[in-house]
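I note each item in the order in which I looked it up.

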Amino acid sequence: MPMPENPPSQGLRRLMPRSLFARVTLIIVVGLAIAQLLTFAAVRYERGIAMRELMMMGIERDIASSVAILDRLPAEERDGWLGRLERRNYRFLLGGSVTGAEPESPLLRQFTAAITNALSPFEVIKVAQTSEPRESIRIQVRLTDGTTAIVDARPVGMPVSTWVMWALLVQLAVLAVCAWYAVRLVTRPLAQLAAAADDLGPDLKGRELAEEGPSEVAHAARAFNAMQRRIAGYMAERVEILAAISHDLQTPITRMRLRTDLMDSGADQVKFRQDLDAMNVLVREGVTYARTLHGTTEAPCRIDADALLESMVSDYEDSGQQVLLEGRIGAPIVTRPNALRRILMNLIDNALKFGSDVRVRVQLEADRLVIAVIDSGPGIPPDQLETVLKPFVRLESSRNRSTGGTGLGLAIAHQLATAMGAELKLQNRDEGGLEARLTMTTLD
């Protein structure tokens, strides 16, 4: 049996607010409103029953008494008494006839039966329901002298005073405010916990939560603070281990290089030397990546980013590599200069290694600075744009089989960008090539 495309439960979930605070508040307020409406309906129903019983016990006797007075009065004096005998829910007419259908609703039938029973021994000729006013009846009665009198009567409900409605609305508002405050007390620690988790960046220097409040909240804060300290300890230990391994590997690599130099010149010597250089680069880049995971201790400062970019482009030109700079910032920025330089160097080196016509484009978008490194190479398969930002990932088959590398350049750039609060994104260009966009929100 095919399932419906949009089950009602999914539609209800889409209508619900996204935050826990709004959801709980909405549920409590709606529940209170429904409870208030049910209470109001119960009061109205009870008052209606009471009014009906009161009406059935009195109005029929009043009408019967009024008809008896009209019957005892001389015919020429009856018109003068019609206004005196009239009430809010019934009045009298002399002469005429009644036409129409009999009452249909149970209330009017009960109302009619009570009046006709009270009018005995007068003869009730006709009873009909009238449309104006609504829910009313017209009874034609024969008096003892043979003339007819018509009784227009209608049941009257017991209205609810306006102040009662306002009191219920004020009560609902007070309950809603109390519910909002109570839910806020419950959900605020969750919001603080989420904010602290978001602040826990690669440098693992997030703020500690205050270990106070209700016992459950204080326990969660202590557990979160302890978790932060454990993670920071694990990361620091990993960096120390990698640094120690790197230091210990330098000695055997150096000895192997010396022994390679003592070998007879030839193809094997060249290959050994290349392998040793690759090992040395791999160890150095691995430690650098580990340190970027642990964060950077560099403090942000105000720099002239245009001068930094121009000096980097000049360095590449001095080494015989053509890199073009497009655009200017025109104002100082607050950032971590060494981290920014390392990110751009890795991106430019990657562009020079796998492409050509390398350009560094600078542009301002609102309060953001965007530095894009563009090349005209073969690009990256769309499904691998996120993968290449991971460590030790090399897409040689899609780029250039003759190139080397450790697969850590883009990963280091990505981690450094995250540590300094920037965003690094790769995208293929429509005209061919790759664009690495570094977006910073540190404009001063």
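I began with H10, where I found Leu 410, Ala 411, Ile 412, Ala 413, Gln 415, Leu 416, Ala 417 and Ala 419 to be buried. Eight of the eleven residues of this helix, which runs over residues 409-419, are therefore buried, and I note H10 as largely enclosed by the rest of the structure. I keep in mind throughout that this is a predicted model. Just after H10, I saw that Gly 421 takes a positive phi of about 75°.

**The chain as a whole**

I then stepped back to the protein chain, in which I count ten helices and eleven strands. Of its 444 residues, 35% are buried. Among the contacts with a separation of 6 or more, I noted that 63% are between residues 24 or more positions apart.

**H9 against H10**

Which helix did I look up as a partner that packs with H10 at an angle of about 150°? It is H9, and the axes of the two helices are 9 Å apart. Because angles over 145 degrees count as roughly antiparallel, I describe H9 and H10 as roughly antiparallel to each other. Their crossing is left-handed. From H9, the contact is made by Ala 339, Arg 342, Ile 343, Asn 346, Leu 347 and Asn 350, while H10 supplies Gly 409, Leu 410, Ile 412, Ala 413, Leu 416 and Ala 417. Sorted by class, I have eight nonpolar, three polar and one charged residues in this contact.

**H9 itself**

I looked at H9 on its own next, and found that its 18 residues reach 26 Å from the first C-alpha to the last, close to the 26 Å expected at 1.5 Å a residue. The buried residues of H9 are Pro 337, Ala 339, Leu 340, Ile 343, Leu 344, Asn 346, Leu 347, Ile 348, Asn 350, Ala 351 and Phe 354. I marked Asn 346 as one that is buried and that also takes part in the contact with H10.

**H8 against H9**

I turned to H8 (residues 305-318), whose axis comes within 11 Å of that of H9 (residues 337-354) and crosses it at roughly 40°. That angle makes H8 oblique to H9. I recorded the crossing of this pair as right-handed. On the H8 side, the contact is made by Leu 308, Leu 309, Ser 311, Met 312, Asp 315 and Tyr 316, and on the H9 side by Pro 337, Leu 340, Arg 341, Leu 344, Met 345, Ile 348, Asp 349 and Leu 352. I divided these residues into ten nonpolar, one polar and three charged.

Last, I found Asp 275 in helix H7 (residues 267-294), partly exposed at a relative accessible area of 47%. Asp 275 is 18 residues from Arg 257 in sequence, and I have 9.9 Å between them in space, C-alpha to C-alpha.

Terms used
Residues are numbered from 1 along each chain as its sequence is written. This is a predicted model: local features need pLDDT of at least 70, side-chain atom pairs count only at pLDDT 80 or more; totals for chains, interfaces and linings use all residues. Side-chain values use heavy atoms; hydrogens and water are left out. Axes are lines fitted to C-alpha atoms, for helices over the stretch in contact, and angles run from 0 to 180 degrees between N-to-C directions. Helices (H or I, at least four residues) and strands (E, at least two) are DSSP runs, numbered from the N terminus. Angles under 35 degrees count as roughly parallel, over 145 as roughly antiparallel, 65 to 115 as roughly perpendicular and the rest as oblique. A crossing is left-handed if the near helix is turned anticlockwise from the far one by less than a right angle, and right-handed if clockwise. Contact means heavy atoms within 4.5 Å. Ala, Val, Leu, Ile, Met, Phe, Trp, Tyr, Cys and Pro count as nonpolar, Asp, Glu, Lys and Arg as charged, and the others, Gly among them, as polar. The expected span of a helix is 1.5 Å times one less than its number of residues. Buried means under 20% relative accessible area, exposed over 50%, partly exposed in between (1.4 Å probe, protein chains only).
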